[in-house]
Amino acid sequence: MTNTDGIGARLRDLMVAAQAGDRTAYSSVLSEIAPIVRRLVRRRFGFLSGEDIEDALQEVLLSVHNARATYDGARPFLPWLMALAHNRSVDAVRRIARRSGREVAVAEYPETFDPADTNPEDDTYGDPEALRAAVAELPKGQRVAIEMLKFREMSLKEAAGASGMSIAALKVAAHRATKALRVALTGRDDRGN
Amino acid sequence: METDALIQKLTDDARPVRPLARPWLRALLWLAISAPPVFLVVWWHGLQGKAGMAATADLRMTIEWLAILATAITAAIAAFSSSVPGASRRWLWVPLVPLAIWLLTVGQGCVEDYQAMGAAAFALRPDSECYVPTVLAGIIPIAAILTMLRRGAPLVPRTTLALAGLAVAAVVNLAMLLFHVGDISFMVLIWHVGVVAVFAGLAGWAGPRLLAWRNAPLAA
């Protein structure tokens, strides 16, 4: 008996047990066929990256899972597996090729704005204590709006439900609170005065 | 997802499965399910009035009838076989033999009709009374073969469904012919053989839609 015959016979027995519901046998089948299929995909589609080979392998494993009822224990296992693996790996590679065609590989995404404008030196988080104190000084409606919309990042709808204020009132209160905080923290309004 | 994690997931999902029977057994099962309703529908629609059961004694008709039956069985076996990974692909060509015999017998009928009737042998008229029973008769065989094929692996879905379409159309034809032997062969050629070809072609075209793999691609 050759080595391949031995592996085939062993996998056949395991697969028959797996079909009967033996999960340990099934786990062994999948674990043992994974390197076989990986080699097959690598040999046939040498141009694929390691990630794409794993992608194709996983597609084959899923198909083995879904088609396991088509295996007839009276027949050899490896031809069954190879037919399935050839068929599904071709489909997987087609899909990978289509996906690659829609993607453009870039080392670094281009910046859309001048870095000097988008990274001002004075753009710091500021003083959290001063912010907290300034928020505490706001009228109640503005304070609630700022806390819910900015600090707790609630949506307008959620904040309206929680505060009992209308969405329009929340928007106005948040806008006014932002202006008041800017003046309180920087001494300037949004026009720079 | 890591491959090891997928293996674990598939193992957790693994329930016992009943291995599919051999393709020829499944083909016979399909025929046993399909043939009685087909014959019942055709008979129910009163086409037995034209009956030519006795005419099956005619040798050419008998050969034609047997060729259609063989086409149905071999096409069904080939369809089931094509959805089993690793099964011999030689089966896919076998239905061509009875199909060729069927076409030859119809062709011979056309020649005989021409010799007996002249140009009238090629008169073509719409056979509207056949439409409803044909469609009704096809419902159960189509549903049965689709349900059975979906348990297999859709390796070559176009071929599989074209063969299934051929099998269904042949069974329906078998029943129609049994009650319709009075027709001239040219009518049979156009309406029966033509419909078989169109139906098998349409089925093949719809193959990838009706017999898709149910596992969604992982990295779609």
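Two residues are in contact if their C-beta atoms, placed from the backbone, lie within 7 Å. The model is predicted: local features need pLDDT of at least 70, side-chain atom pairs count only at pLDDT 80 or more, and totals for chains, interfaces and linings use all residues. Residues are numbered from 1 along each chain as its sequence is written, while chains are lettered from A and ligands numbered from 1 in the order in which they are written.

B:Ala72 touches B:Leu31, B:Ala167, B:Ala170, B:Val171 and B:Leu174, leaving aside residues up to four places away in sequence. B:Ala72 is also among the residues with the most contacts inside the largest nonpolar core, which has 45 residues. Such a core is a set of buried Ala, Val, Leu, Ile, Met, Phe, Trp, Tyr and Cys residues joined through C-beta atoms within 7 Å; buried means that 20 or more other C-beta atoms lie within 10 Å of a residue's own.

Consider next the helices α2(B) and α6(B), whose axes come within 9 Å and cross at roughly 40°. On the side of α2(B), the contact is made by B:Ser34, B:Ala35, B:Val38, B:Phe39 and B:Val42. α6(B) contributes B:Val171, B:Val172, B:Ala175 and B:Met176.

Finally, how many residues does each chain give to the contact of chain A with chain B? Chain A gives 33 residues and chain B gives 26 residues.

Methods:
A residue is buried if 20 or more other C-beta atoms lie within 10 Å of its own, exposed if 12 or fewer, and partly exposed in between; C-beta atoms are placed from the backbone. Axes are lines fitted to C-alpha atoms, for helices over the stretch in contact, and angles run from 0 to 180 degrees between N-to-C directions. Helices (H or I, at least four residues) and strands (E, at least two) are DSSP runs, numbered from the N terminus.
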